[in-house]
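Biologist: Hi, I'm new to this one. Could you walk me through it?

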Amino acid sequence: MSPDELVYLGILSASIPVGFLFRYLSPPVKQGAALLLGLSIAIATCHVHTLHSLVTVVGIWIIIKISWRHAPALSLTWTFLYLLFFRLVTWFGLPSPTPFANAIQLLLTLKMVSLANEVHSFHVEKKNEVSSFAKSPVIGGLSQEPSLYDILSYSYCYAGIMTGPFFRFQTYADWLRQPSPQALPGWEPCLQRLKMVPVYAALFLAVNDVFPLAYVRTEEFLDQNIFFRLFYMAAVFFVFRMRFYAAWCGAEAGCISAGLGCYPEKALSKPGGGPTVNYSPDPTTEENYDFKTIQNIDCYNTDFCVKVRHGMRYWNMTVQWWLHHYIYPNAPFKAYALRAGWTMFISAYWHGLHAGYYLSFLTIPLCIAAESAMEASVRAKLGPFGQNIFDWIHWFLKMRAYDYMCMGFVLLKASDTINYWTSIYFIMHIIAVCCIVVGTVLKGGKREGRRGDKEEKREGEKIENLKTGEKTD
């Protein structure tokens, strides 16, 4: 493990026992302590680069104060432009930020955009209440506009400050105001989330040692036969998954120990978003709680879901919620495929400026179009046994597609990514294009094709609306 990874491990490990102590603090003390601890972590790991996050936070506060009406658009513009400056600071003669500063800046960008949208919704609903003399039907809305201290406390809350998960300001405010945090479930769900972490970590270390990423960049690798080169991308993606499975499960455990994101099951919470229905405690029955609000990864379904489309929903789930609510609806296109492509482009930009991110993320819409075409033209015409065989083939190709795209994500440079994809003859791009062509021919015309696309879109929306994080969210 690298020194940076050891620092991440230390912060994650310490956050779990510390979280249980926070359950015994009063709301004001909890708020101050979480801010002090998070800010200490930021200063200790980022040093002077902590100023980047501070400037971002103050900028959002100014935007909210000056024009809450335009805060959603202005916050997105401000945070994303600052991300550009943050990544190009060396052009201005400033020192390059640390990886820890980059991690904090990424999560902070999500938080600040979400906060601006929450404040905008608060003011809109407040005006509606005054004009209609009726209480707002909005679920999980703010009760007041946050102060600068509140925004700073939310921004630098120690829970997930570097590794996520992302959570809304309302989730943070609910955490501060929990009436009996000691009575909420803690040890059992925490241990449940941690039980596989040693396995993921061991697999990461073992397989990474046998299949190092650096080997892909060597001439010796290109001299290997194509089957070895194809297998290598599966090994690299396996290492990639194990690393994030361990990190995100550990990060979730840190939130669980503190009680952050704990809501009654009847609230039907979504990862990142929180409760989706109004709820109230019933003193006559025993309440069941869950931590779906801070669930960031569904390891089983990431591996074993059938579709490329669904695989995204199980991975980095809180960020997917953010993209679905703040980017996808505001895309400058009406066509579903173009909206998906725009969302993937924004996701790539959020991750960084490396060309590998864009090559990978912008391959996803192509894969989605391919699977949609084949499902509408082939799977829909098969019987139960045939559909079962189709789904197994679909799953295999889905995993290979993610193997393929992962190489761009980890190799980063356009030259390295293109060299690797060239060495395997751009196989997944070719398969995707062939599936689209075959699907279009078999569907027998544009009209039927459009109907299949609409059905696929409706299916995706249905899953997004009905699922609450247990398997498909």
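Biologist: What should I know before we start?

Modeller: This is a predicted model, so local features need pLDDT of at least 70 and side-chain atom pairs count only at pLDDT 80 or more, while totals for chains, interfaces and linings use all residues. Residues are numbered from 1 along each chain as its sequence is written, and side-chain values use heavy atoms, with hydrogens and water left out.

Biologist: Where does UniProt place the "transmembrane region" feature?

Modeller: The unreviewed UniProt entry puts it at residues 6-25, 37-64, 76-94, 197-215, 221-240, 356-374 and 418-442. Those positions use the numbering here, feature names are shortened, and annotations may be inferred rather than shown by experiment.

Biologist: How much helix is there over residues 418-442?

Modeller: That stretch is 88% helix and 0% strand, with its end C-alpha atoms 32 Å apart. Residues 221-240 come out at 85% helix and 0% strand, and there the end C-alpha atoms are 19 Å apart. Helices (H or I, at least four residues) and strands (E, at least two) are DSSP runs, numbered from the N terminus.

Biologist: OK, rings. How many aromatic pairs are there?

Modeller: The structure has 47 aromatic pairs. In F166 and W321 the ring centres are 6.3 Å apart and the planes at 25°, so that pair is stacked. The rule is that rings of Phe, Tyr and Trp (its six-membered ring) pair if their centres lie within 6.5 Å; planes under 30 degrees apart are stacked, over 60 edge-to-face, and the rest tilted.

Biologist: And where do F166 and W321 lie?

Modeller: F166 is in the loop between α6 (148-155) and α7 (169-176), and W321 is in helix α14 (residues 317-326), so the pair ties together parts 155 residues apart in sequence. Both F166 and W321 are buried, where buried means under 20% relative accessible area, exposed over 50% and partly exposed in between (1.4 Å probe, protein chains only).

Biologist: What about F240 and F409?

Modeller: They form an edge-to-face pair, 5.4 Å centre to centre with 70° between the planes. F240 sits in helix α11 (residues 226-258) and F409 in helix α18 (residues 384-411), which puts them 169 residues apart. F240 and F409 are buried. They also belong to a cluster linked by ring pairs, whose members include Y200, F237, F244, W315 and Y402.

Biologist: Which charge sits over the ring of F244?

Modeller: The charged end of R243 does, 5.3 Å from the ring centre. R87 lies over the face of Y349, at 5.9 Å from the ring centre. To count, NZ of Lys or CZ of Arg must be within 6 Å of the ring centre and within 35 degrees of the ring normal.

Biologist: Switching to the backbone: is the bond from G164 to P165 cis or trans?

Modeller: That peptide bond is cis, with omega near 5°. P165 lies in the loop between α6 and α7.

Biologist: Which residues other than glycine have a positive phi?

Modeller: L268 is one of them, with phi near 50°. L268 is in the loop between β1 (263-264) and β2 (289-290), and at 38% relative accessibility it is partly exposed. F426 also has a positive phi, about 50°. F426 lies in the loop between α19 (414-423) and α20 (427-443) and is partly exposed, at 28% relative accessible area.
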